[in-house]
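Please follow them with the model in view.

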Amino acid sequence: MQLDRRQFVKFAGLSSVAAAGLSLAACGGSSEPAASGSAAGTDEAAAVSGTITAVGSTALQPLVEAAAEQFMSENPDVQITVQGGGSGQGITQIAQGAVQIGNSDVFAEEKLDNPDDAKNLTDNKVAVVGMGPIVNSDVTIDDISMDDLKGIFTGAITNWKDCGGDDEEIVVINRASGSGTRATFESAVLGGDPVPEDFKPQEQDSSGTVAKMVAETPGSISYLAFSYFTEDFKALTIGGVEPKEENVETNDWTIWAYEHMYTAKDADEATQAFIDYMLGDEVQGSLVEQNGYIPVGGMKVTRDAEGNVTEQ
């Protein structure tokens, strides 16, 4: 009897709420997508065995869940375990050699105490993720200016009436400091300006928990990757620009990031096989877009670790 592969996958996030809804995830990649289908399904791939532990970004979970399930169904001797914890934790643990894959929404150079340590890692960009502000469905505005968004997330604006909405207190829900989603959002919205020390909104450790909290909390606002957008809350436009993939591709929507899957330079056979699979046709040609991400090859701009954007 063939066993359900889900029972072999362990998902551990820092939030029990987020973990309850997710049964597996894992990731890997290479710096350039494969030109043809992955090695999975060949005689060589069928012989791959081993365990892979991936730690880090929760924004990347929906994609790696789907990819890991497919990969393990084709490679039954491989077990993949994923843990959340945020991009900072993912980068730290892969740099320490504690895991096989470190998932991150930001470049390793931005998180490591010594940016030169990133030279010991392989940066596998497997997708691009758009991110945007979300609000509880009772909030009456649909569009917000970047200045007002900045005011909310620095504590300068505390009532929706100051943004053109009803007289209702704004409840800010932030991600924890190690979150790559938070780093991406703050870089785009705050532009490097510091957050006042006396502004201390609540923080949540995972994207899944943020989605649940915003859906249940009147007047609330936070931010999520597009892959987490649902009808349980409302996604805002910014200055009339919609949070859509085509706007990310041209950088008209500026809140976006590469999804990195960092590995050691000498990744083991199972990890490398999964990396190749992530950038093969079975993932890049279907799962990336199906799960709300953008193929790296579809971008009309590039961004480096310093935040510089260049047209391709």
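A helix crossing is called left-handed if the near helix is turned anticlockwise from the far one by less than a right angle, and right-handed if clockwise. The model is predicted: local features need pLDDT of at least 70, side-chain atom pairs count only at pLDDT 80 or more, and totals for chains, interfaces and linings use all residues. Residues are numbered from 1 along each chain as its sequence is written, and side-chain values use heavy atoms, with hydrogens and water left out.

Helices (H or I, at least four residues) and strands (E, at least two) are DSSP runs, numbered from the N terminus. Helix α3 (residues 61-74) passes α11 in a right-handed crossing. The axes of α3 and α11 (residues 281-290) lie 10 Å apart at an angle of about 145°; axes are lines fitted to C-alpha atoms over the stretch in contact, and angles run from 0 to 180 degrees between N-to-C directions. In contact (heavy atoms within 4.5 Å) are L63, A66, A67, Q70 and E74 of α3 with E282, V283, L287 and V288 of α11.

Helix α3 also belongs to a right-handed β-α-β unit with β2 and β3; right-handed here means that, with the strands pointing away from the viewer, the path from the first strand over the helix to the second runs clockwise. Strands pair if DSSP finds at least two bridges between them. β2 (residues 50-56) and β3 (residues 78-85) run parallel, joined by seven bridges, and T53 has T81 of β3 as its bridge partner. Three bridges join β2 to β4 (residues 101-104), also parallel, with G56 opposite N103 in β4.

Overall, the protein has 11 helices and 15 strands.
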